[in-house]
Amino acid sequence: MEIEIKIAETEHKSELLQLYKKIAKISDGIIRNENEINEQYISDFLSKSIDKGLILTGTLNGIIVGEIHAYTPDIFAFQHILTDLTIVVDPSHQGKGIGRKLFEHFLKIVTSDLTHIKRIELYTREHNDRNVKFYESLGFINEGRQKDKIFVSKSEFETPLHMAWFRSNLS
């Protein structure tokens with residue numbers, strides 16, 4: 001069955017919570033750990049993305065198996081940016097092109113409808129070559145690394161890359 005991509009709504013909160021809990025359990029899933037995935041976290045990004053950004057879900061057979069979101073910060077000088085971009089795909093559906101379809105649809109909407117957006121930002125772990133190549137294939141560039149920014153344990157840290165996508169026509 002073909003993935004159906006739609007703009008998310010507040011009533012998707014419980015399904016998104018379940019999806020994010022699955023993702024948080026896998027290595028390199030998302031930066032947040034399982035304990036940080038709760039209703040407040042989901043409500044926060046859901047409302048910010050609906051009000052000041054974009055959030056899409058991907059469903060198969062009526063079940064959400066993927067989600068992508070980003071939003072504009074409250075700072076006036078950053079009104080042209082979508083930041084904190086996060087994309088997740090259910091572990092049992094990864095590698096099937098769902099993430100790419102979600103991301104391409106997201107960028108298509110930004111390009112056609114959110115013309116004030118000139119830049120989209122995200123972080124990815126430096127060691128995750130697959131994700132880095134994926135983002136680069138979508139037009140993101142590596143703007144730099146932030147050594148040991150991600151705390152893993154008292155003796156282990158990870159380095160994220162700050163990546164950005166720019167609208168090709170900045171007029």
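Is Phe 45 buried or exposed, at 2% relative accessibility? Phe 45 counts as buried, because its relative accessibility is 2% (buried, under 20% relative accessible area; exposed, over 50%; partly exposed in between; 1.4 Å probe, protein chains only).

The model is predicted: local features need pLDDT of at least 70 and side-chain atom pairs pLDDT 80 or more, while totals for chains, interfaces and linings use all residues. Residues are numbered from 1 along each chain as its sequence is written, and side-chain values use heavy atoms, without hydrogens and water.

**View 1. The aromatic pair of Tyr 41 and Phe 45 in helix H2 (residues 39-52).** The rings are edge-to-face, 5.2 Å centre to centre with 70° between the planes (pairing, centres within 6.5 Å; planes under 30 degrees apart stacked, over 60 edge-to-face, the rest tilted). The two residues are separated by about one helical turn because they lie four residues apart. Tyr 41 also counts as buried, at 13% relative accessibility.

**View 2. The aromatic pair of Phe 103 and Phe 106 in helix H3.** This edge-to-face pair has 6.4 Å between centres and 75° between planes. Both residues are buried. Phe 103, Phe 106, Phe 134, Tyr 135 and Phe 140 form one aromatic cluster.

**View 3. The crossing of helices H3 (residues 98-113) and H4 (residues 129-137).** Their axes come within 11 Å and cross at roughly 35° (lines fitted to C-alpha atoms over the stretch in contact; angles from 0 to 180 degrees between N-to-C directions). Gly 99, Arg 100 and Phe 103 of H3 meet Phe 134, Tyr 135 and Ser 137 of H4 (contact, heavy atoms within 4.5 Å).

Terms used
Phe/Tyr/Trp six-rings, centres within 6.5 Å; stacked < 30°, edge-to-face > 60°.
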